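Subject: Structure for you to look through

Hello,

Here is the structure I said I would pass on. Please open it and keep it beside this message while you read.

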Amino acid sequence: MESYMMSVDNVTMKFGSLVANSNVSFNVKEGEIVSLIGPNGAGKTTLFNCVTGFYKPSSGKVIFNGADITGVRPDKIAKLGLTRTFQIVKPLKSMTVKENIMTGAFIRTNKFSEAEKIAEEVMERINLIEKRDYLSSSLTIADKKRLEIARILATQPKMIMLDEAMAGLNQTEIKEVMKLIVTLNKQGMTFVIVEHIMEAIMPISDRVVVLNAGVKILEDIPQNVVNNDEVIKAYLGEKYHAKNQKS
Amino acid sequence: MEKSITNNKKMIGVVLLIILALPIIVQDNNFRHIMILFVLYAALGEAWNIITGYAGQTSFGHAAFFGIGAYTSTVLLWKFDIIPWIGMLIGGIIAVVVAIIVSYPAFKLTGHYFAIATLAIGEIMLQLFVSWEYVEGATGIMLPIKENGYKYMQFHPMNKLSYYYIVFGLFVITVITAYIVGNSKMGFYLKAIKENPDAAQSIGINVTRYKLYAMMVSAFLTAIVGSFYAQYVTYIDPFMVFPLALSMQIVLITVIGGLGNIYGPILGAAILIPLSQYTRIIFGGTGKGLDLIIFGALVVIVTIFQPNGLVGLFENLFKKIKKKEAINDGKLHDVS
């Protein structure tokens with residue numbers, strides 16, 4: 001058996017009678033970029049929350065780096081090296097860019113100067129150094145998303161999970177985020193990405209997991225995913241799929 | 001926004017020195033009494049600021065810790081002849097234990113609900129002490145007269161200045177604690193929790209634990225100030241040290257001065273305490289509540305025009321001056 005950095009094993013999440021995720025399994029190897037796609041309401045964010053400890057799955061298991069992290073508190077998971085961003089950005093508004101990133105850095109150190117050093121490094125790496133003293137509430141949406149990534153980078157994670165890090169950005173900004181992801185990946189960072197913007201995600205992903213109505217319908221390399229009938233059906237509907245078949 | 005004034009050690013030192021010097025220069029007992037109360041409330045505000053200003057957990061029940069401090073040192077002195085300095089420490093420790101016991105479940109609540117829970121805790125304490133015979137219930141305790149000097153914190157005849165030195169020392173402790181908390185990992189974590197608990201958790205912050213730490217520090221500081229108060233007035237009863245009005249005064253002082261800021265409680269106390277004392281001097285019984293009317297109006301004005309409190313006003317002024325300097329130096333970029 002291959003060793004995986006993270007394996008999600010038969011995770012089911014129910015909210016009352018609503019099944020948001022049903023027996024979803026997938027694995028992530030170290031250094032990979034795996035993306036999670038699916039139409040609205042497919043259960044991507046729920047799955048994210050289950051993996052990162054914000055929800056306790058109804059059943060199933062999540063293993064990260066050999067440790068069972070099912071239902072473990074988010075802060076403990078972050079300490080193990082698995083961190084996430086949020087679909088809706090959550091900057092610490094009253095703090096400056098630097099202070100935001102320092103807050104992340106404090107996970108590995110108790111020293112103020114050490115945290116400052118880590119923050120400086122991270123800001124250099126992802127081009128926020130000029131905005132270090134800006135209040136985070138005054139940033140543009142693109143910079144806020146960048147700041148979210150910076151803040152979790154400061155926790156020195158082994159794997160990053162991005163929840164729609166590109167939503168609401170313009171083309172240039174999307175390219176910048178893509179570039180950032182690829183650069184970090186080359187430096188050895190593992191990614192799991194939830195995304196809607198296909199043209200952004202397909203070129204950078206190693207593998208794609210497709211969810212529909214809480215069920216995993218496909219896991220494959222990007223080229224095969226875009227041509228898959230099931231996926232087209234899920235995204236564009238039965239009708240379009242039928243039309244497509246006839247012609 | 002290079003360095004905000006709140007982080008300037010020298011500035012804090014100067015402010016503290018001025019506060020220390022005032023009652024030494026002005027040799028008026030009445031004035032000294034007002035200074036003692038001012039510094040006492042400023043210290044309480046600093047302590048409260050840690051849990052509410054920094055961590056964002058509104059407490060309306062801080063009188064509980066104040067009263068615990070006051071009663072512990074008093075009972076220990078009265079029944080066991082233990083000097084108030086030790087009583088003060090023990091009171092602080094008991095307050096910390098009570099804080100842990102009541103806050104741990106209360107932290108499951110957020111926002112207004114947490115505030116209501118703390119309100120209840122304050123009232124429960126009041127009722128408890130009213131009907132607790134061991135501590136003389138509602139009758140209250142008269143402190144026994146001990147030898148003159150700092151050992152028993154008693155000065156005969158009344159020497160306000162000595163009391164002032166003690167309370168000023170406590171005040172400095174709270175200011176230093178607030179400064180250290182504000183400029184350390186804990187301060188960053190508390191601010192993150194206040195801003196966004198989810199984001200805080202996602203970067204590895206144990207939200208409940210840090211809220212608890214903040215509450216413990218806050219309760220300890222509040223209790224030691226409470227102990228001093230009992231020594232100063234030499235008589236306590238539950239309605240003096242556990243009233244809701246006290247909790248509210250602490251809240252008002254800090255909110256009007258500026259939440260989450262070291263100068264906030266100092267500024268707030270500098271306005272409310274002289275106001276309440278001098279209206280009492282001038283109007284006597286007829287003017288009862290007049291200070292709160294004025295203060296209420298101030299709160300309304302401050303919340304409308306400067307939600308960051310009076311400190312926000314000064315900070316804005318400071319920023320404007322900086323900006324002007326930057327324009328003059330020709331290196332301004334938009335930082336608003």
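Predicted model: local features only at pLDDT ≥ 70, side-chain atom pairs only at ≥ 80, totals over all residues.

The contact between the chains

Chain A puts 31 residues into the contact, and chain B puts in 22 residues. About 2,300 Å² of area is buried between chain A and chain B, and carbon and sulfur atoms give 61% of that area. The side of chain A that touches chain B draws at least two residues from each of these elements of chain A: the helices α2 (74-80), α3 (97-105) and α5 (141-153), and the strand β6 (82-84). Sorted by class, that side of chain A has 13 nonpolar, 9 polar and 9 charged residues. What does the rule find across the interface in the way of salt bridges? The count between chain A and chain B is 0. Polar contacts do turn up there: 7 residue pairs, with both residues at pLDDT 80 or more.

The cavities

Rolling a probe the size of a water molecule over the atoms shows where empty space is left. In this structure there are 2 cavities of 30 Å³ or more.

The largest cavity has a volume of about 60 Å³. Its lining includes S59(B), H62(B), F65(B), F114(B) and M215(B). Three helices of chain B, α3 (63-80), α4 (84-106) and α5 (111-130), supply at least two lining residues each. Of the residues in this lining, 7 are nonpolar, 5 are polar and none is charged.

The second largest cavity has a volume of about 40 Å³. Which residues line the second largest cavity? They are T85(A), F86(A), V89(A), K145(A), E148(A), I149(A) and A165(A). By class, this lining has 4 nonpolar residues, 1 polar residue and 2 charged residues.

The second largest pocket

This pocket has a volume of about 700 Å³. Its lining is made of 27 residues, and those nearest the centre are Y41(B), Q249(B), S276(B), Q277(B) and R280(B). Two or more lining residues come from each of the helices α2 (29-54), α9 (207-233), α11 (244-257), α12 (263-283) and α13 (290-305) of chain B. The lining of the second largest pocket divides into 15 nonpolar, 9 polar and 3 charged residues.

Regards

Terms used: Residues numbered from 1 in each chain as written. Chains lettered and ligands numbered in written order. Heavy atoms only, no water. 1 Å grid on protein atoms, 1.4 Å probe; cavity = no way out; pocket = protein on both sides within 12 Å on 5 of 7 lines; lining within 4 Å. Points joined across faces, edges and corners; volume = space filled by probe spheres on them. Helix = DSSP H or I, 4+ residues; strand = E, 2+ residues; numbered from the N terminus. Nonpolar A, V, L, I, M, F, W, Y, C, P; charged D, E, K, R; others polar. Contact = heavy atoms within 4.5 Å. Buried area = accessible area lost by both parts, 1.4 Å probe. Salt bridge = Lys/Arg side-chain N within 4 Å of Asp/Glu carboxyl O. Polar contact = N/O pair within 3.5 Å; in protein donor to acceptor, adjacent residues only side chain to side chain.
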